[in-house]
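Dear colleague,

I am passing on the structure below, and my notes on what was found in it follow directly after.

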Amino acid sequence: MEHPCNTTAAESGGVPEIKAENKGPSEKDMSGKRSVKISDEIKKKRSCQRPIEALLHRLHLPTLTIQKQHQQKLSPEDLLQIRPSVTEHHVSSEKNLAHVFLHRLMMLDYRARYIPVRQDSPEGTITHIIEKENSEWETFLNSSVDTEQSHVHPMDVQMAVFHCSDNFLKQMMVTKLSQCQYALPLLVPDPVTKEIQCPLWTFRQIRKPWKVTQIQDGSRIVNMKSISVCKAQTPLVSFFRLGSPSVSKSQLLNALINNRHSTFFHRNCPGSTRARHLMDGVAEIAWYCPAGKPTDAFSDCIAFCNLHGDALNYKTQCDILIERSSINIFLVPSLQNDEESKSLISTLSQSHKPLICLIEDESGDAAMTKEGKHKMGLKCRHQSDVSEELTKIIREILSSLEVSSSKPLFQLESMAELPGVRVDESDLACQKGRSAALEIVDMIKKDNVDISETKDKFLPFQACLRHQCLSVPAAEKQQKNQQQLMGICQKQPAASCSKLIELFIKNLWELPPKDRDYFLKWTQIFMDDLSTENISSLLQSFDDKWSEVKCDKSGPLLMKQTELVSLVKKLQSASFGLEHIFREMGQIYEAQTSTTERESRPTGWCEYPKLAAQLMISGHPVELMDGDAGHLPLKWISSLLEEVMKTLGDQKVFVLSVLGLQSSGKSTMLNAMFGLQSAVSADRCTKGAFMQLIKFSEEMKKDLKSDYVLVVHTEGLQAMDSNTTHHHDDKLATFVVGLGNLTLINLFGDNLLMNQGILQIVVQAFMRLKKAQLSPRCVFAYHNVTDVVPQNKMDRMRCLQEQLDHMTKLAAREELCDAECFSDVTEFDVQNDVKYCAQLWESSSPMGPPNPDYSESLQEVKDTILSLQSGVITLSQLRTNVENVWTTLLKESTEAVMVGQVIEEKKQEVLKRLRHATPESQQYVEGLLKQKSVSQKELLMVCSLFMDELDQSCEANKHRSSSSRSWIRCTAKVCTVVTGETFHAHASILEQVNSALLEVQITSPQDCDIIIVFCPITARIGSDVAAALSREEVSSSEKPAILVLMHHTRNVEYSTGGRNWAENYPTVKLEVHVFFHDSQHGLLKCDRNEWAVKEIQNELYKHSKYAWSNFFKW
């Protein structure tokens, strides 16, 4: 098959060559021949370029030109604007294909590769035949579809966008293709110049995880690996076709590596057409990543390459891949008729490279012709049999190469050494950025500084603040204000600004914008590689040391534990990224603005905010709160926002804050919804809080009355691997919620206990803001939800509402606020403000693609967020809000510490004077003071009450332990009404309600303070409740009542409905639902029942002998 660009000049309509006469050619003749050849060459290129130009015109993309410097390219700025959402699975016009493809690809929807076009007006697609006297059958035969212009091939859309994008958008695009488990372009012919290009830069952010299985001493050992694909050394298996076989090579290749997903596009994929313009000659690459299971096709990672088109027409690509591959596999229709194919196969069979030849017109099993050379017939064979046998042959060849130690390994970075191939990283701007970044990294490496001391050496201002915070006791740390924390840094000499920071800032100032972008990317890549290398070695050392501790318990255990602690500290220090360098800039500026010394200051320090503002405007994340020290450099942030306003004006912004547990998918979600790049990479979790600007498109600005979205992204709350405290999480949550117009709260899965901690933190934050007359809104997003059927959805909503209301009551008691439910604190509708997101991956295998439902559910979350946009603020108001919220937080922290100190003093005084009490009283009170469930205000009240009573009657009652208890317990007089069989569940509830601070006394209806009605549901809930509350002891007394609705079930997820009985029965002050069953000896052990007991306790406190509200006025 001849490539369309290989036609002669005569065939393409050009001027034929002029034959020379027998006499020697004159200079004039030679000149004429050269001009004719050049003219023919130009015409050839033009004839090949016309269909490509037509394709780009159909897709509404910029035309490609030979003058690259004048080429208009798509950039990340074009993509990352917030545009109207794409909800349909098709487009009405081809001109929208490119935009929708990019949008869906960024949302991790692998269906982006095929987007059907459904014309708004179908006229003209059918050729209507004018009927004369033909029969209906003849008319049907003569009717035809207009095939003058078929729909665009899906891979032409992908490659057209690729060619029309700059290198940064290409990198984003290829990274997303990799996440969607698609093959990536490795060798790409330029559509205009036909020059072969290798887009090595586009692979730089891709990492592949896999599990290697090894057999040692008869046992299987599985090791986890995660390596940058540019540095990974793996075998390479390349596939080629000769001629036009009827078997799909790409489909056969997919069966080898991932039979459930079309990694390589093939002719049977949806949307495939015969006409394609940009894929022939393209070599794509994909990696098989094993999951460490016996069902893995291969035990280690293998790279597979696929050359599209007839290999005979693309000699350069074919030669490169044959040379670099460990195994070459050729698919041919026949070796009998095509001499050119036969010659190539014959030559390859003589080389040392392993060769597998798949012959379409031959039958029979695979046969080895000689060492490393195999052939297999495909005639009358099922594809599954072929792929199974082919997998077996590949495994055997790789095993034999490994035994002989002659297995060639492929590395992407080696492609930069190929002659005749232009690598995108050879561009001048990229080279300048790389050289500047290497200077930074070499400076870190050359001194061989211990990992634990790296930050101290190169980030002295930041280290100063960190050590100051670590050296201050937790109780005192919260009292340190901004000036106190920066005091030591101010005293440091100006020379303490490290050479690394000076060089980094110098590059930011001097490099042109494009070179600077490359510099930042390269710096991030190099530092991530460095951190990953350090962390991997430290984790290995930790595992080895931990194994020693477990195996050798008789040895010097204390010494080994000390070594483990040292390794943990090194692990915490090993994380050194671009975000730490930017943080140091802020600390330097903060220190210099706070000191009066003017000698030897860092050069240009006052221009740092302007520099950071330029980066923020271009889309880079900026750190708000230091994740290590919990510190916000207020002057730095204020000056930075001032510089942003000078450049953009006082634009209107919608502030979106994001909270969630650690590793709950916040960064992945924001990247998919808005295209945000995480400020932290190299497999590290976000620390602190970052802000990032995203621009609205012009059409969105008109509808939403806003210019930008400011996303405030935080570290995960309740992190298991950090030293953060509950106070740190409270402060962080209150700060970002206070800044946001709306807060998106990530919840992970259906585990109520897992989400309980973050809900408590969130409710506490909203309660504090309510006291400050702030009322931002919130949206909850449940991630990794497996099923969202209506019944389960309603149950989840009900459970969430109950949790939020319960925690609101607890927070109201702590914060002295009047709130009974979460909607009293902030505007919240559980029906509309709770969204459910499907799990991200279709399977747990490293080869599993993303779940398409995930992208659809994220689109719904995004639409909800934008629809709730209200109370938009300006950048100047944002700057004021940052200062006000942070200052208030510091003030509250100081007050909280003072309260803590008062309580600690009271506790110590109580413990001291307990020496005069009985041993039983001592044990009781000491246990009470250690309880974590008792709030600070309750504890202070108990201490004060105990001290007063002890002063009055210590001597008289020191031998009466029962009266000692009465000094510090509240008493609730309760009448119980049981309306049916509970299997002693009601007694269990009363037993649990009794606590260290509350004593329940059972009395008559006349003497009680409150009635508890235990109502087992036996028929319809309405009739059972009516019967219970109409009983004489309940209805005649008109005393407040607690209604306990008891459901006989073993299903802890049982739906209890959502009716509020207090609306019909005013005496009902509280209603709770509990589960019980005779097989469980009454009350079930579940979260719902625990919450019910807590609610009953809280209600009884209000009606007890010592009303808590009286003591809250201390």
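Two strands are taken as paired if DSSP finds at least two bridges between them, and helices (H or I, at least four residues) and strands (E, at least two) are DSSP runs, numbered from the N terminus. This is a predicted model, in which local features need pLDDT of at least 70 and side-chain atom pairs count only at pLDDT 80 or more, while totals for chains, interfaces and linings use all residues. Residues are numbered from 1 along each chain as its sequence is written, and side-chain values use heavy atoms, with hydrogens and water left out.

An open sheet of mixed pairing is formed by six strands, in the order 24-23-25-26-27-28. Strand 24 (998–1002) and strand 28 (1082–1083) are at the edges with a single partner strand each, so one side of each has no neighbour in the sheet. Strand 23 (residues 970–978) runs parallel to strand 24 and is joined to it by five bridges; Val-974 has Ile-1002 in strand 24 as its bridge partner.

As for cavities (sets of points on a 1 Å grid over the protein atoms alone where a 1.4 Å probe fits but cannot get out, with lining residues having an atom within 4 Å of a point), the structure holds five of 30 Å³ or more. The largest cavity contains about 180 Å³ of space, a volume being the space filled by probe spheres set on the points, which are joined across faces, edges and corners. It is lined by 15 residues, of which Leu-79, Gln-81, His-103, Met-673 and Lys-862 are the closest to its centre. Helix 3 (97–106) and helix 22 (666–674) are the elements that give two or more residues to this lining.

Best regards

Methods. On a 1 Å grid over the protein atoms alone, a cavity is a set of points where a 1.4 Å probe fits but cannot get out, and a pocket is an open set with protein on both sides within 12 Å along at least five of seven lines; lining residues have an atom within 4 Å of a point.
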